[in-house]
Amino acid sequence: MKKIVVLIFVVMAALSAKAQFYVGGNVALWHNDDADNTSFLIEPEFGYNFSERWAVGATLGFAHNSKETVGFKNAFSFAPYVRYSYYENKVVRLFLDGGIGISSVKYDDNSEGGFELGIKPGLAIKLNNHFSLVAKCGFLGYRDDYAYGTDGYGFSFGSEDLSFGFHYEF
């Protein structure tokens with residue numbers, strides 16, 4: 001039993017020597033004068049760097065529209081991912097997030113579940129040892145009734161799939 005405990009301790013110490021936790025996310029607030037609608041999005045993100053190349057993480061999202069006539073009233077999402085960083089220098093890191101997202105959208109009289117499966121390319125700019133600005137642009141994959149985006153499959157590199165956020169690494 002002591003050998004197993006020592007082995008677990010050594011493995012955890014080895015993983016934590018190179019690994020780092022990170023938190024971050026996206027926030028959006030928009031008011032449409034023509035529709036008299038205010039909408040907002042809160043999307044915290046958390047993850048764990050296994051190495052300089054590989055990480056796992058997830059985003060939790062909540063979106064709200066003040067009027068249902070412009071779309072949904074409330075939307076929730078959960079999107080775990082695996083991140084592969086394929087280029088990094090002292091300041092810039094390029095990565096791909098591959099994952100699956102599930103969502104629940106509340107309309108006037110009903111709610112609807114949806115999902116997405118795909119890859120999102122991204123860019124991180126390191127400001128110092130702890131803070132990074134993060135941008136994700138595009139989506140390659142499949143979406144079915146997912147809260148953010150249109151149904152179907154293919155790739156999109158438009159502003160609909162553009163997001164800016166930040167990361168804080170521990």
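This is a predicted model: local features need pLDDT of at least 70, side-chain atom pairs count only at pLDDT 80 or more; totals for chains, interfaces and linings use all residues.
Reader: Glad to start! Which elements make up the protein chain, and in what order do they run?

Author: Welcome! The protein chain has 1 helix and 10 strands. Read from the N terminus, the order is α-β-β-β-β-β-β-β-β-β-β. As for burial, 30% of the 170 residues count as buried.

Reader: Let me pick one residue, then. Where does Ser 51 lie?

Author: Ser 51 sits in the loop that joins strand E2 (37-49) to strand E3 (54-65).

Reader: And how should I class Ser 51 by accessibility?

Author: Buried means under 20% relative accessible area and exposed means over 50%. Ser 51 has a relative accessibility of 31%, so this residue counts as partly exposed.

Reader: What does the side chain of Ser 51 lie 3.2 Å from?

Author: Two backbone nitrogens come up here. A polar atom of the Ser 51 side chain lies 3.2 Å from the backbone nitrogen of Arg 53, and the distance to the backbone nitrogen of Trp 54 is also 3.2 Å. Further along the chain, Ser 85 is 34 residues from Ser 51 in sequence, with 9.6 Å between their C-alpha atoms.

Reader: You mentioned Trp 54. How do I read an aromatic pair?

Author: The general idea is simple: two aromatic rings are described by the distance of their centres and the angle of their planes. In this structure there are 9 aromatic pairs. One of them is formed by Trp 54 and Tyr 84, a tilted pair with 4.8 Å from centre to centre and 50° between the planes.

Reader: Which parts of the chain does the pair of Trp 54 and Tyr 84 tie together?

Author: Trp 54 belongs to strand E3 and Tyr 84 to strand E4 (residues 74-88), so the pair ties together parts 30 residues apart in sequence.

Reader: Which residues do ring pairs link into a cluster?

Author: Phe 21, Tyr 48 and Phe 50 are linked in that way. Rings also take part in another arrangement, with a charged side chain over the face. Arg 83 lies over Phe 95, 4.0 Å from the ring centre, and Arg 143 lies over Phe 139, again at 4.0 Å from the ring centre.

Reader: Now for the gaps. How is empty space found?

Author: A probe the size of a water molecule is rolled over the atoms, and this shows where empty space is left. Take the second largest pocket, which holds about 400 Å³ of space. Its lining has 21 residues, and those nearest the centre are Glu 52, Glu 88, Arg 93, Lys 126 and Glu 169.

Reader: Which strands supply at least two residues of that pocket's lining, and how do the lining residues divide?

Author: E3, E4, strand E5 (92-106) and strand E6 (111-126) each supply at least two. The lining divides into 6 nonpolar, 7 polar and 8 charged residues.

Technical notes
Residues are numbered from 1 along each chain as its sequence is written. Side-chain values use heavy atoms; hydrogens and water are left out. Helices (H or I, at least four residues) and strands (E, at least two) are DSSP runs, numbered from the N terminus. Buried means under 20% relative accessible area, exposed over 50%, partly exposed in between (1.4 Å probe, protein chains only). A polar contact is a pair of N or O atoms within 3.5 Å; within protein, one must be able to donate a hydrogen and the other to accept it, and residues adjacent in sequence count only if both atoms are side-chain atoms. Rings of Phe, Tyr and Trp (its six-membered ring) pair if their centres lie within 6.5 Å; planes under 30 degrees apart count as stacked, over 60 as edge-to-face and the rest as tilted. A charge sits over a ring if NZ of Lys or CZ of Arg is within 6 Å of the ring centre and within 35 degrees of the ring normal. On a 1 Å grid over the protein atoms alone, a cavity is a set of points where a 1.4 Å probe fits but cannot get out, and a pocket is an open set with protein on both sides within 12 Å along at least five of seven lines; lining residues have an atom within 4 Å of a point. Grid points are joined across faces, edges and corners, and a volume is the space filled by probe spheres set on the points. Ala, Val, Leu, Ile, Met, Phe, Trp, Tyr, Cys and Pro count as nonpolar, Asp, Glu, Lys and Arg as charged, and the others, Gly among them, as polar.
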